[in-house]
Structures are given as structure tokens and as C-alpha cells.
Amino acid sequence: MKFVLTGDSDCPIARIALGYGESVRTESGSMVYSRNVEISGGLNTKKKGLGGVFSAIGRSITSGESMFITTATGTGDNGEIAVAPPIPGKIMELKIDGAHQYRLNTGAFLACDESVDYTMVNQGITKALFGNTGGLFVMEMNGTGSVLVSAFGDILALTVTPDAPLTVDNEHVVAWDAELDYHIEVASGMFGFTTGEGLVNSFTGSGHVYIQTRNLANLAQAMHPYLPTASN
């Protein structure tokens with residue numbers, strides 16, 4: 001993928017260059033502008049007909065991802081599409097190949113090469129109900145190429161080794177190496193009542209976990225006292 005990030009570091013956009021016939025897939029609703037590009041939308045599934053409709057609906061319900069996905073295809077040698085996430089924060093490229101595959105948290109996906117595909121991996125009913133990492137299924141990227149992910153705040157890469165496991169607050173997880181094992185648990189006390197911490201992801205194995213420096217749940221809690229109510 002040929003792209004540049006423009007704008008300030010807090011609110012960048014990704015400007016993706018497309019030659020004739022080159023395509024990228026982008027998150028539905030993420031386009032800022034385009035030129036010399038044909039935009040087509042479709043259901044977020046490879047299945048056809050009514051089965052495809054139900055597949056896309058099921059994927060949206062079980063994973064938290066959009067029912068639709070947008071494909072941008074260059075109609076000339078100087079095609080361009082600019083995309084941006086809905087929240088302020090960093091945009092980062094992850095390289096996908098045979099040795100590097102990643103799982104993405106809900107809302108992290110922004111765009112990917114046409115040569116990059118994904119499957120929805122069942123993470124188990126316990127993790128789905130007990131945590132918030134994409135519902136019953138999480139998105140696992142595979143193939144070869146680039147995927148752009150976004151976050152609230154900055155993105156940091158943390159290393160996990162067999163002798164140095166990692167515990168991350170659930171709301172700060174963006175992506176992780178598909179080879180890592182993880183489980184979701186209460187940080188301490190009764191759902192963190194004694195410490196203020198809630199659910200955490202504990203990662204083991206060898207690989208990297210990408211985290212965001214802010215989370216929307218904390219922002220929503222901080223803003224709640226200042227929001228208008230029916231009484232005022």
C-alpha cells in the first residue's frame with residue numbers, strides 16, 4: 001500500500017495512492033475524499049445472495065464490525081482516496097505476511113490492501129461475554145500486504161515473551177499477534193471495586209500487543225457529569 005499520513009499527529013488522515021485497476025478495502029464511512037477512484041460498497045462477506053445478507057448481519061452482530069465494507073479502485077494512474085477514523089488518534093500500518101498475522105479489536109480496522117484478507121475467528125463464548133474484544137468473533141488478518149489500524153490516542157507496541165507475559169486493560173487493546181494466547185479476567189477484587197480497575201487481557205507466548213494510550217469508556221465516564229439531562 002502506498003500511503004502518506006497528513007494532518008497533525010492527533011487527527012491524521014491516510015491518503016492512499018492507487019494506480020489504474022489497483023484496489024483497497026476501507027471501513028464503511030471512513031472516506032474523507034477521493035479522486036480518479038471508483039467507489040463501490042458491498043456486504044462484509046464473500047457469500048452471495050440471501051446467504052450473504054444473513055452472513056453479513058451475523059458477522060456484524062457477533063463481531064461488532066460493520067455490515068458493509070467499501071472498495072476503492074483506481075480509474076487512472078493518479079487515483080487517491082483519503083480515509084480517517086471516527087475518533088482522534090494515531091493511524092498505524094501493520095505488515096501482513098506468512099510470519100506476521102494479527103487479530104484486531106473492534107473498531108481498529110481502517111483499510112487494507114486487496115491482497116489482504118481476514119477471517120472471523122471464534123474466541124469462545126466466555127471471552128465474548130466476559131470481555132469486549134470484538135464479541136463472539138475477532139478479526140484475524142491474513143494474506144500479504146498492509147493493513148491500517150487506528151486508535152484513540154497514540155499506539156504503543158509492547159513485547160510479550162514466555163518469561164514476560166503481559167496484562168493490558170481491556171479497553172486499551174488495539175491488535176495483537178495471532179500466535180499469542182490470551183484470556184480475560186478481573187484485575188483485582190470484585191470486578192476491580194477495590195482498585196478501580198475492571199477487566200484485563202492477559203497475553204502469553206511470543207509476539208507483540210499494540211495498545212492505545214486512551215480509551216473511550218473512560219472518556220465517556222469523565223464526560224457523563226457534564227452532559228445535560230431531562231431535568232436541566
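Strands β15 and β18 (residues 199-204) pair in the antiparallel sense over 4 bridges. Strands here are DSSP runs of E with at least two residues, numbered from the N terminus. Two of them pair if DSSP finds at least two bridges between them. The model is predicted: local features need pLDDT of at least 70, side-chain atom pairs count only at pLDDT 80 or more, and totals for chains, interfaces and linings use all residues. Residues are numbered from 1 along each chain as its sequence is written, and side-chain values use heavy atoms, with hydrogens and water left out.

Leu166 has Phe203 in β18 as its bridge partner. Thr167 has Ser202 in β18 as its bridge partner. Ser202 also stands opposite His183. Strands β17 and β18 run antiparallel and are joined by 6 bridges.

Together these strands make an open sheet of 3 strands, in the order β15-β18-β17, with antiparallel pairing. Its edge strands are β15 (166-169) and β17 (181-186), each pairing on one side only. Neighbouring strands of the sheet are turned by 30° against each other on average, direction ignored. The angle is taken between axes, which are lines fitted to C-alpha atoms; angles run from 0 to 180 degrees between N-to-C directions.

Phe203 leads on to the aromatic residues. The structure holds 4 aromatic pairs. One of them joins Trp176 and Phe203; this pair is tilted, at 5.8 Å centre to centre and 55° between the planes. Trp176 lies in strand β16 (residues 173-177) and Phe203 in β18, so the pair ties together parts that are 27 residues apart in sequence. Rings of Phe, Tyr and Trp (its six-membered ring) pair if their centres lie within 6.5 Å; planes under 30 degrees apart count as stacked, over 60 as edge-to-face and the rest as tilted. Trp176, Tyr182 and Phe203 form one aromatic cluster.

Trp176 is buried, with a relative accessible area of 0%. Phe203 also counts as buried, at 0% relative accessibility. Buried means under 20% relative accessible area, exposed over 50%, and partly exposed in between (1.4 Å probe, protein chains only).
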